Amino acid sequence: MSEVYRARGEKPPILMRPDALEGLHTLEAYRERAKGYQGLEKVLKEMTPGEVTEEVKDSGLRGRGGAGFPAGQKWSFIPKDTDQPVYLVCNADEGEPGTFKDRWLLRNDPHQLIEGILIAAYAIGSKKAFVYMRDEFSGEAERFRACLKEAREAGYTGEDILGSGFSCEITLFLGAGAYICGEETALLNSLEGKRGYPRVRPPFPALQGLYGCPTVVNNVETLSNLPQIARNGGEWYASYGTKQSTGTRLFSVSGRVKRPGVYEVEMGVRWATLLDDLAGGPSRDHPFKAVFPGGSSTPILNAREVSEGTIDFESAMNMGTFLGSGGTIVLDEGDDMVDVALNVSQFYEHETCGQCTPCREGCRWMVRIIRSIHEGTASEKDIDLLLDVAGHIRGNTICAFGDGAADPIAATVRKFRSEFEARIDAPAGDGRVA
Amino acid sequence: MIRGPKKTLKSHMGEGEHPVVRLPEEQEQVTLTIDGREVTVPRGTKLLTAALHAGIHIPYFCYHPGLSPEGNCRMCLVEIEGSRKLEPSCTMPVREGMTVHTDTEEVADARRGVMEFLLLNHPLDCPWCDKAGECMLQDHSYDYGPGTARHEVVKRTYPTKQFSDKLKMYMNRCIHCTRCVRFLKEVEGKEEFSLYQRGAYVDVGTYIEHNLSNNYQGCLADVCPVGALVTRPFLYRARVFDLEAQASVCSMCSAGCSVYVDRKRNRVARLRPRPNLQVNDWWMCDTGRFEFDWIATDRLDEPAREAEGGAEGRMVAIGWEEALPTAAAALKSAGEAGTLGGIVSARASCEETWLFRRLMEGLGGRIAPWYGEEGRIDPAEKTDFLHRRDPNPNTLGMETALEGWEELEELVGAIETGEVTTLFILDAALTDELAARLSGAEVIVVLSSHRTPATTAATLVLPGAVWLEKEGTLVNGDGHLQRFLKALDIETSAQPEAAVLSSLLERTGAGRTYRDAGEVFSELASRVADFEDLTYADIPPNGYRLSFGIESAGGRPEDPGHGVHPGTGTGR
């Protein structure tokens, strides 16, 4: 098996450990080979919920779903003395184009996620956790259901877990295929049986989430890190990575690389570590040209930025992008950026929920403009119009979808404008990234 | 683009630029600053509501003061100090010390963007759209739009839908604000509308194609900020800017909804709700809105008396100069003989009832009320969130003005035994069966606007007016007193009932004449305690809640500060 993990020093992998690579989808394997549920036991027997939250704050763990919000801080927004039920929701609706790292965790280490859910539920005082999984993950869902059954039979879920007095039920819920339902408030509406429309914030889910009750929504990878943070301490986790970006991250690399797949890197490594050392470098006779660092919603980086930047929140922010959901899409000099823009914009036109004006109308308009550029029927001013439309979407929508649809297009046009200008006179291509 | 003076919105939400809003009932007050002005509102108020309440205009489409805010149109984006990006003011709760700017270049740019996005797929068919002239998209485009188009995109289209004989939907005009969906969900309650499909192709309507069954379809056209939902009875009947509006009260049930009568050439073109937070909020039912054809049907247009020696039931037209002395003489002599009775309808106004009472009391006649075929129905009993079972607009007002009466059955019995020989009927339609039982009476004088079973039994018919042709007061099922004003001219020789009653009072010597409804009301209020010594001119635009003997906190009527006085607000 080829290498799947790289760190800056000698530290071992956290998520893609050798035992996990072999598959830990039975309770027996998870307990025997991965110290399964020892983190939960420690938390329930030795720590108060507040201490768990503090430990996670100390770890510096930030959300792995896209926004990168500090997990412990998110938990601390849950009101302490509420008489409402508190809900924990695991976002397993991994739908961002280019992203398939949560799927790896669901396939290979589902009990680790269950243990993470229980630790988080204990920390925020939730007796009811939901896992919102995308419907396309049918095999993963089947496996997860079997794991939930094992966990329940072993007393890890249900009433009075491990004699601690803490009770928690976990329910698996399958989505129906809409990208927008990965947005946490649309997810909550969908979970409630409503149309998957994002909610206006405030109120934030921590105060009024699922069924109007305090709710934390965490990503699969975020929760999967918790058992080891519980066992080894926040300080241990924070010894990985950089000051602002602790730990490791999973990246699903696709596109023009020799070995597309899921890889784990310690935060702070160079992009070359991920793209060349792990993913094997360019797959064709072309050098890399551009990279969507964390899914198609994250503004694209050009080759120079990729060579200069490092994989961490700070570096991404400095380059005007995000690590998003870790869906790294690699393009090389053989790829046409107008094709790319058309492909990406069509995805957002198809998936915009249509609730708010700028996104509903703007995504459709952007596709029309890019298509006319692609077909060679546009004029020079249409390129500026495209940027202006993107500018009127960004920041003016209910949820982050609008920014995710507009920013990558704007960045692609700004960084590769000459390719768009060349199309004004010479149409080509079929709009698909081959 | 040519820019004229700022237009004022004309809508069911209130006249002018500012809709009637309802603030939360919360004691704690919050003070914030909007465009340099300090605004104080109860905690929990949303920013846009606070601004509108203070008279600061922020444009919006999806916000409606009677519906939950959804923040989807993005037209009301404002700058809040400390916020990284623009925020929708309709969903943003106010905070103490919040500093808000609605007039920055960034805000103006966002509004231009929203306008451009909304017009991208809008058919711009204003010349044949019913909403033109009262369309928010039109008005906001004028005030905030870019003025020019930068797009040559094929517009998305939908089929046009008929939802019933009352409502039609031009979905191409829809801006996806979801006000209609929210109205049916949150106010009407049947949830007959929903959203289907996704993104730019979202569709609005019923899941399976079928007629709407709710009685508030007119409100769907009201809440629609564009011409997507329009009422079919009004479709292509008039341009809204050719209509004259008169503030009035609906008379179709005991709810007494505040309405505007939009008239064209002395005809009712349409009725629409006038916001009144004490009565009907921003709504009215379809029964009140659409059923006004009866006003012009089966009307009595001149006085008539029974033909002498002719076939029974045959009437001959006479002039008022003959009718009034004849009626006065008959009533007077019956009064002297102690054989006079009178029936008054709960459709009559307080003033008419009072004059009727003065006449009957002055002549020594007996009085019985008429409530309709089903008898008295509790005027407070609702059939849904607004409409009442009692079809009379003034059951409580009539009873309060009369103070005492006998049951109709008793009076009819007295006719059958011959105790009562002369009957005066004000506005009461009666039934065929009841009318037949009156055959023993020698004289039956009926003052009525329409041909009814009562007029077929009459020996003398005096043509009256419908409420839109006169003025007065009504008390709804909750004891809320409202004025209604004349909206239409009478085009026949019919007379307002109060004028006829006033004349009869003088001619019989039972009383005097009155200058106007105000003078009648003053007398009524000074003589009947439940009217709380009000004067006609003191009745606020949205009416006054009578306390019926209960010590009220304020005591005197107070203008709630919203809406338009029936006497001045024409909403033109």
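**View 1. Helix 6 and helix 8 of chain A in contact.** Helix 6 (101-108) of chain A packs against helix 8 (residues 138-153) of chain A at an angle of about 40°, with the axes 9 Å apart. Helix 6 of chain A is therefore oblique to helix 8 of chain A. Helices (H or I, at least four residues) and strands (E, at least two) are DSSP runs, numbered from the N terminus. Axes are lines fitted to C-alpha atoms, for helices over the stretch in contact, and angles run from 0 to 180 degrees between N-to-C directions. Angles under 35 degrees count as roughly parallel, over 145 as roughly antiparallel, 65 to 115 as roughly perpendicular and the rest as oblique. The crossing of helix 6 and helix 8 of chain A is left-handed (the near helix is turned anticlockwise from the far one by less than a right angle; clockwise would be right-handed). Arg103(A), Leu106(A) and Arg107(A) of helix 6 meet Glu140(A), Arg143(A) and Phe144(A) of helix 8, contact meaning heavy atoms within 4.5 Å. By class, this contact of helix 6 with helix 8 of chain A has 2 nonpolar, no polar and 4 charged residues. Ala, Val, Leu, Ile, Met, Phe, Trp, Tyr, Cys and Pro count as nonpolar, Asp, Glu, Lys and Arg as charged, and the others, Gly among them, as polar.

The model is predicted: local features need pLDDT of at least 70 and side-chain atom pairs count only at pLDDT 80 or more, whereas totals for chains, interfaces and linings use all residues. Residues are numbered from 1 along each chain as its sequence is written, chains are lettered from A and ligands numbered from 1 in the order in which they are written, and side-chain values use heavy atoms, with hydrogens and water left out.

**View 2. Surroundings of Gly98(A).** Gly98(A) is placed in the loop between strand 2 (87-92) and helix 6 of chain A. Although 156 residues separate Gly98(A) from Ser254(A) in sequence, their C-alpha atoms are 6.5 Å apart in space. Residues up to four places away in sequence left aside, Gly98(A) touches Ser252(A), Ser254(A), Gly327(A), Thr328(A) and Ile329(A).

**View 3. The open sheet of 6 strands in chain A.** The strands follow the order 1-7-6-10-8-9, with mixed pairing; two strands pair if DSSP finds at least two bridges between them. Strand 1 (5-6) and strand 9 (301-302) of chain A are the edge strands, each pairing on one side only. Strand 1 runs parallel to strand 7 (residues 261-266) of chain A, and 2 bridges join them. Arg6(A) has Val265(A) in strand 7 as its bridge partner. Helix 13 (residues 271-278) of chain A lies across strands 1, 6 (248-255), 7, 8 (288-292), 9 and 10 (327-332), at about 140° to strand 7.

**View 4. Backbone features in two loops of chain A.** The peptide bond joining Arg201(A) and Pro202(A) is cis, with omega about -5°. The bond from Pro202(A) to Pro203(A) is also cis, with omega near 0°. Pro202(A) lies in the loop between helix 9 (184-191) and strand 5 (215-219) of chain A, and Pro203(A) is in the loop between helix 9 and strand 5 as well. Lys35(A), in the loop between helix 2 (27-34) and helix 3 (38-46) of chain A, has a positive phi near 55°, in a residue other than glycine.

View 5. The axes of helix 8 (residues 350-363) and helix 13 (residues 497-508) of chain B come within 9 Å and cross at roughly 20°. These two helices of chain B, helix 8 and helix 13, are therefore roughly parallel to each other, and their crossing is left-handed. By class, the contact of helix 8 with helix 13 of chain B has 8 nonpolar, 2 polar and 3 charged residues. The axes of helix 8 and helix 9 (residues 395-402) of chain B also come within 9 Å, crossing at roughly 30°. Helix 8 of chain B is therefore roughly parallel to helix 9 of chain B, and the crossing of these two is right-handed. Cys350(B), Thr353(B), Trp354(B) and Arg357(B) of helix 8 make the contact with Gly397(B), Met398(B), Ala401(B) and Leu402(B) of helix 9.
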